Amino acid sequence: MSRGQKGQQGEPHDWVTRAADDAIRHARDSGDPDRLITCASGASPSGPVHLGNLREFLTVHFVAEEIRRRGIPVRHLHSWDDFDRFRKVPAGVDPSWQEHIGRPLSGVPDPWECHESWAEHFKAPLQAALREMGVEMEEVSQTKAYRAGTYRDQILLAVERRDDIERVMARFRTKKTEPDADAPESTAEEDADGTGLLDRFPYKPFCADCGRDTVDLTAYDDATAELSYRCTATGYTGSTNLRTDNDGKLVWKVDWPMRWEFEGVDFEPGGVDHASPGSSYTVGKELVKQIYGGRAPSFVGYSFVGAGGQVKMSSSRGGVPTPSEALKILEAPILRWLYVRRQPKQAFDVDFGAEVVRLYDEWDSLGRKAADPAKRDAQVLAYERACATTTAGALPVPRVVVPFRLLSSVADVTAGSAELISATVERAGHPHDSVEDLQPRLAKAMTWTSEFVPDEERTTVRDAPDADRLADLDEDEQRWLAQLLDRLPDDLELEATTSLIYGVPKLARGLGLDDPPTDEVKDDQKRFFRLLYNLLVAADRGPRLPTLFLALGSERIRTLLGG
């Protein structure tokens, strides 16, 4: 069924519908009629959780929402892979943090000293952004789970069956695939060639002396479950007992399928590279069946989300936009819509430049379409999914919808004064009772104008008339300004102001304001508009002139035009 088709009951279908169907089918195939459907996501808080990572969360959120909408019990279970190793020190962080490489993310101090750990520093802003977007989930810290011995039996089983695990891993390793780029921890070590019997051991401890995972395993006693090691960083030799101690974790390609069975996962997405031959999902499908007697969840592979010209984001390096940053300029439903309107396999970019204006226009147009029940299709379904959730209800949108391009233009001209913007918008034909009626869009337009529009593209209104330019007016220019100033009212309204600005060149050629323009008039209008921009904002172009006039007011217009 194509993206725009409807089901037998006239209900539009989309990728969310199909993924929810698969998750429900997976749960029913378990044979447990009371099974709580689990849709799982996971992320490693190794750095800023960026807009690429957001696809992991929202893909699961939308599928769980569809299942819940059908009245079926479901949970969105999210694993924070904060027991992963700290891999590298990103730019801008004190180089002394090199000493923490190899420690779990939850055990690395926060260099900015505002959270209890490195992991918490990067989890917190994403958690706040998800709340703003109406995403609710059951969160699990893998540090707490491993430290509590939650997976002890699963770890012991993996170690007992390590030869079977190695046979599966070896079969896929011959395909010579690249390690998963988005695996919560690098699989390079577990995929590397080794010569010792313990080189491919499915469990890796953290050193009891320094807390790092920089250990070479030296012996394992199956009878006692004692695992001995030597730390390559400090030379410390020690051991850990897998039956009593909780100071290590399974390697990623074993850890992921172990959790599928332990948590009863019915649906979990992943980057498209997770499903390539020899990758985490394909290996995991075999391991969960052969080692843990379970089934791999239904899977959706998603493609990358970029920013600007960047094809793919990596959270371990800085400089990539985060959901918190996007929410400064995008209403929460719009950010959700970017992810739900496309098939997960479709890559896309989030552009914080001029594309934002076009995005708001497209969103507003879709909103008008959604208001007509006769036009309900897959596009409208995506709009509905973006606007509300089954638990949080409707997400915040302005009571009075004003085009973003108008708000941002007025914000630019008025230097971000909310009251001036409100008054101008009122005169532009958008009546409202208070500034609050324009929120949250007004605040986002003001932020976008002040923080994301380059200085060279900003509108700077002149402080004083350009005396030299006014003294150098030609005969046509003098006539146009005289006609404008003679007819400019004290109180400006959008329709009348628009008619006057476009009509001045008509009057100068003996036509009426409402007469259609001749070719000569069209040429005159271009010259007249350029003159107005020169005199008002010292540029050849800028925001729409009627908007500029309303924002500046009649008195200031007269002053700058020499009247």
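A cavity is a set of grid points where a 1.4 Å probe fits but cannot get out. Rolling a probe the size of a water molecule over the atoms shows where empty space is left. The structure described here is a predicted model. Its largest cavity holds about 70 Å³ of space. By the rule applied, the count comes to two cavities of 30 Å³ or more.

The lining of the largest cavity is made up of 13 residues. Nearest its centre lie Tyr 146, Ile 155, Tyr 203, Asp 245 and Asn 246. Two elements, α4 (142–147) and α5 (152–160), each give two or more residues to this lining. By class, the lining of the largest cavity has six nonpolar, four polar and three charged residues.

The volume of the largest pocket is about 950 Å³. It is lined by 30 residues, and Arg 405, Ser 409, Gly 542, Pro 543 and Arg 544 are the closest to its centre. Helix α14 supplies the largest share, with five residues. The lining of the largest pocket divides into 14 nonpolar, nine polar and seven charged residues.

Confidence was examined along the chain. The average pLDDT is 92, and 92% of the residues score at least 70. Residues 1–5 have a pLDDT below 50. This stretch makes 12 contacts in the model beyond near neighbours in sequence. The pLDDT is also below 50 over residues 309–318, a stretch with 30 contacts beyond near neighbours in sequence. Where pLDDT is low, the predicted coordinates should not be read in detail.

Helix α11 (residues 332–340) packs against α12 at an angle of about 90°, and their axes are 11 Å apart. Angles of 65 to 115 degrees count as roughly perpendicular, so α11 and α12 are roughly perpendicular to each other. On the α11 side, the contact involves Pro 333, Ile 334, Trp 337 and Leu 338. These meet Leu 359, Tyr 360, Glu 362, Trp 363 and Leu 366 of α12. The contact of α11 with α12 has eight nonpolar residues, no polar residues and one charged residue.

Helix α18 (residues 475–487) packs against α20 at an angle of about 75°, with their axes 11 Å apart. Helices α18 and α20 are therefore also roughly perpendicular to each other. From α18, the contact uses Asp 476, Glu 477, Trp 480, Leu 481 and Leu 484. From α20, Asp 524, Arg 527, Phe 528, Leu 531, Leu 532 and Leu 535 take part. This contact has seven nonpolar, no polar and four charged residues.

Backbone geometry was considered next. Most residues other than glycine have a negative phi, and most peptide bonds are trans. A cis peptide bond joins Gln 439 and Pro 440, with omega about 5°. Pro 440 sits in the loop between α15 (418–427) and α16. Glu 113 is not a glycine, yet has a positive phi of about 60°. Glu 113 is found in the loop between β2 (74–80) and α3 (118–132).

Arg 162 illustrates contact between parts of the chain separated in sequence. Arg 162 lies in helix α6 (residues 162–173). Arg 162 and Arg 200 are 38 residues apart in sequence, but their C-alpha atoms are 8.5 Å apart in space. Setting aside neighbours within four places in sequence, Arg 162 is in contact with Phe 201, Pro 202, Tyr 220 and Asp 222.

Notes:
Residues are numbered from 1 along each chain as its sequence is written. This is a predicted model: local features need pLDDT of at least 70, side-chain atom pairs count only at pLDDT 80 or more; totals for chains, interfaces and linings use all residues. Side-chain values use heavy atoms; hydrogens and water are left out. On a 1 Å grid over the protein atoms alone, a cavity is a set of points where a 1.4 Å probe fits but cannot get out, and a pocket is an open set with protein on both sides within 12 Å along at least five of seven lines; lining residues have an atom within 4 Å of a point. Grid points are joined across faces, edges and corners, and a volume is the space filled by probe spheres set on the points. Helices (H or I, at least four residues) and strands (E, at least two) are DSSP runs, numbered from the N terminus. Ala, Val, Leu, Ile, Met, Phe, Trp, Tyr, Cys and Pro count as nonpolar, Asp, Glu, Lys and Arg as charged, and the others, Gly among them, as polar. pLDDT is the predictor's confidence in each residue, from 0 to 100. Contact means heavy atoms within 4.5 Å. Axes are lines fitted to C-alpha atoms, for helices over the stretch in contact, and angles run from 0 to 180 degrees between N-to-C directions. Angles under 35 degrees count as roughly parallel, over 145 as roughly antiparallel, 65 to 115 as roughly perpendicular and the rest as oblique.
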